[in-house]
Amino acid sequence: MEALFGDEYEALRMSVRALAEKKIAPFAKEVDENSRFPQEAFNALQSTDLAAAHVDSKYGGQGADSLATVIIIEEVARVCGSSSLIPAVNKLGSLPLILAGNEEQKKKYLPQLASGKGFSYCLSESEAGSDAAAMKTKAVKQDNNWVISGSKKWISNAGFSDFYTVLAQTDPALGAKGITAFIVEKTDGGVSFGAHEKKMGFRGSPTCEVYLDNVTISDDRRIGAVGSGFALAMQTLDHTRITIAAQALGIAQGAFEVATKYSHERKQFGREIFDFQGVQFMLADMAMNIAAARQLTYSAAVKSERGEKDLTFFSAAAKCFATDVAMKVTTDAVQVLGGYGYVSDYPVERMMRDAKLTQIYEGTNQVQRVVMARHLGDLN
Ligand code: COS
């Protein structure tokens, strides 16, 4: 961990923080209120190569490692959860290609991703959420083509992204072993999008259904072997659940800072409310839990980078722990601010709404516990 966590990561944190405070934070409230895409954040991240920093420099990206990507997402989430989904979704959508795509596919898509075209991930369906292998979307081989039909639900940045990794059944009789991954482009015939979901939080990030109506693509859009898609989807989540932990960490950090500052400004009974032990204990607990979540998240990121055998356990643990911490911290931050916390003059109510989603997506925290329990044997 020490070897990987050097000064350059702190320098990266400071530069992303400065960018986020100057170019992203000023729009966070209005983006949330109007449920609009955070275009200013996208412009700021794209112009500094942070929107898809994980893309290898060979393909025009920054080649940010897992820990650097976590720090980028954390710092953006500290001021705006919705904006932090830009780098997080780009990594999630493109990771199957990075892990299992061939060189031609990488040369075709990764430079476009680095140059600002988004990449989304299409796994979930209306009847296949936690039970992802129960998906009904199917891909049928016709000569050298695949015809994909079905629909995918709760797809982050749908409509904004140009590219979609779509998981589809290619042999329903085989269950999880009959699923294959494909790259679908927004402009492919038969691709369309549903209305934006009206969400509790993360309102700046479009979430829509993706409809696939006999989308016909050639076999060179298949990622990896036929039937390898479910394992690839799970392997992808092993790496990207850490980015959700990072997002949660950033949201919690942002709420903690607002609550601490407020506790020194707000006076009741003739003194700062910080002077009351009841408030001090809440802030101390927030700081303690954030520090613990950060250690777990960064260790999981290092394990992701090194491909260590207990990654599956650690990524689920980091996601589960950090997102539960974010929910608790943001709820307590609202409590510290009292009536002011409950209205949108301060950002903590938005942060509390955003935190809730982190406990649900990329696998509910109940699924994370299932994953951890199945991988206890990987621990040293
Ligand atoms: N890495 C590589 N391969 C994996 C894997 C991993 N982490 N997890 C599973 N696989 C492969 C294995 O090959 C396994 O086959 P074997 O039995 O031969 O080992 C196959 O996939 C099926 O795995 P499993 O039997 O564990 O699948 P389940 O249907 O029981 O599903 C859970 C397990 C619940 C953990 C999985 O469906 C899941 O993570 N669900 C949540 C999905 C999710 O996160 N959705 C959010 C939307 S994505 S943003």
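**Charged, aromatic and buried side chains in a predicted model**

The side chains of Glu-362 and Thr-240 are joined by a polar contact of 2.9 Å, a term that denotes a pair of N or O atoms within 3.5 Å, of which, within protein, one must be able to donate a hydrogen and the other to accept it, while residues adjacent in sequence count only if both atoms are side-chain atoms. The structure is a predicted model, in which local features need pLDDT of at least 70 and side-chain atom pairs count only at pLDDT 80 or more, whereas totals for chains, interfaces and linings use all residues. Residues are numbered from 1 along each chain as its sequence is written, and side-chain values use heavy atoms, with hydrogens and water left out.

Glu-362 is located in the loop between helix H9 (348–358) and helix H10 (365–374). Helices (H or I, at least four residues) and strands (E, at least two) are DSSP runs, numbered from the N terminus. Glu-362 is buried and yet has no salt bridge; the nearest side chain of opposite charge, that of Arg-241, is 5.3 Å away. Here, buried means under 20% relative accessible area, exposed over 50%, and partly exposed in between (1.4 Å probe, protein chains only). A salt bridge is a side-chain nitrogen of Lys or Arg within 4 Å of a carboxyl oxygen of Asp or Glu. For the assignment of charge, Lys and Arg count as positive and Asp and Glu as negative, while His and the chain ends are not counted. When neighbours within four places in sequence are left aside, the residues in contact with Glu-362 (heavy atoms within 4.5 Å) are Leu-92, Leu-237, Thr-240, Arg-241, Thr-243, Ile-244, Lys-319 and Gln-368.

Side chains of opposite charge can pair when their charged atoms come close. In the whole structure, the search finds 26 salt bridges. One of the salt bridges is formed by Lys-29 and Glu-33, whose closest N and O atoms are 3.1 Å apart. Lys-29 and Glu-33 are four residues apart in helix H1 (residues 7–33) and are therefore separated by about one helical turn. Lys-29 is partly exposed at 39% relative accessibility, and Glu-33 is likewise partly exposed, with a relative accessible area of 46%.

A salt bridge of 2.9 Å (N to O) also connects the side chains of Glu-125 and Lys-152. Because Glu-125 lies in the loop between strand E1 (119–122) and strand E2 (138–142) and Lys-152 in strand E3 (residues 145–156), this pair ties together parts that are 27 residues apart in sequence. Both Glu-125 and Lys-152 are buried.

Within helix H6 (residues 229–265), Glu-265 and Lys-261 are four residues apart, so about one helical turn separates them. Their side chains meet in a salt bridge of 2.9 Å, N to O. Glu-265 is partly exposed at 43% relative accessibility, whereas Lys-261 is exposed, with a relative accessible area of 54%. Elsewhere, a network of salt bridges links Glu-10, Arg-13, Arg-17, Glu-74, Glu-75 and Arg-294.

Aromatic pairs were counted for rings of Phe, Tyr and Trp (its six-membered ring) whose centres lie within 6.5 Å, with planes under 30 degrees apart classed as stacked, over 60 as edge-to-face and the rest as tilted. By this rule, the count is 14 aromatic pairs. The ring centres of Phe-42 and Phe-160 are 5.3 Å apart and their planes lie at 75°, so this pair is edge-to-face. Since Phe-42 is in helix H2 (residues 39–47) and Phe-160 in the loop between E3 and strand E4 (163–169), the pair ties together parts 118 residues apart in sequence. Phe-42 is buried at 10% relative accessibility, while Phe-160 is partly exposed, with a relative accessible area of 22%. Tyr-262 and Tyr-346 also form an edge-to-face pair, at 5.6 Å centre to centre and 85° between the planes. This pair links distant parts of the chain, with Tyr-262 in helix H6 and Tyr-346 in the loop between helix H8 (311–337) and H9, 84 residues apart. Tyr-262 is buried at 5% relative accessibility, and Tyr-346 is partly exposed at 26%.

A charge sits over a ring if NZ of Lys or CZ of Arg is within 6 Å of the ring centre and within 35 degrees of the ring normal. Lys-303 lies over the face of Phe-314, 4.5 Å from the ring centre.
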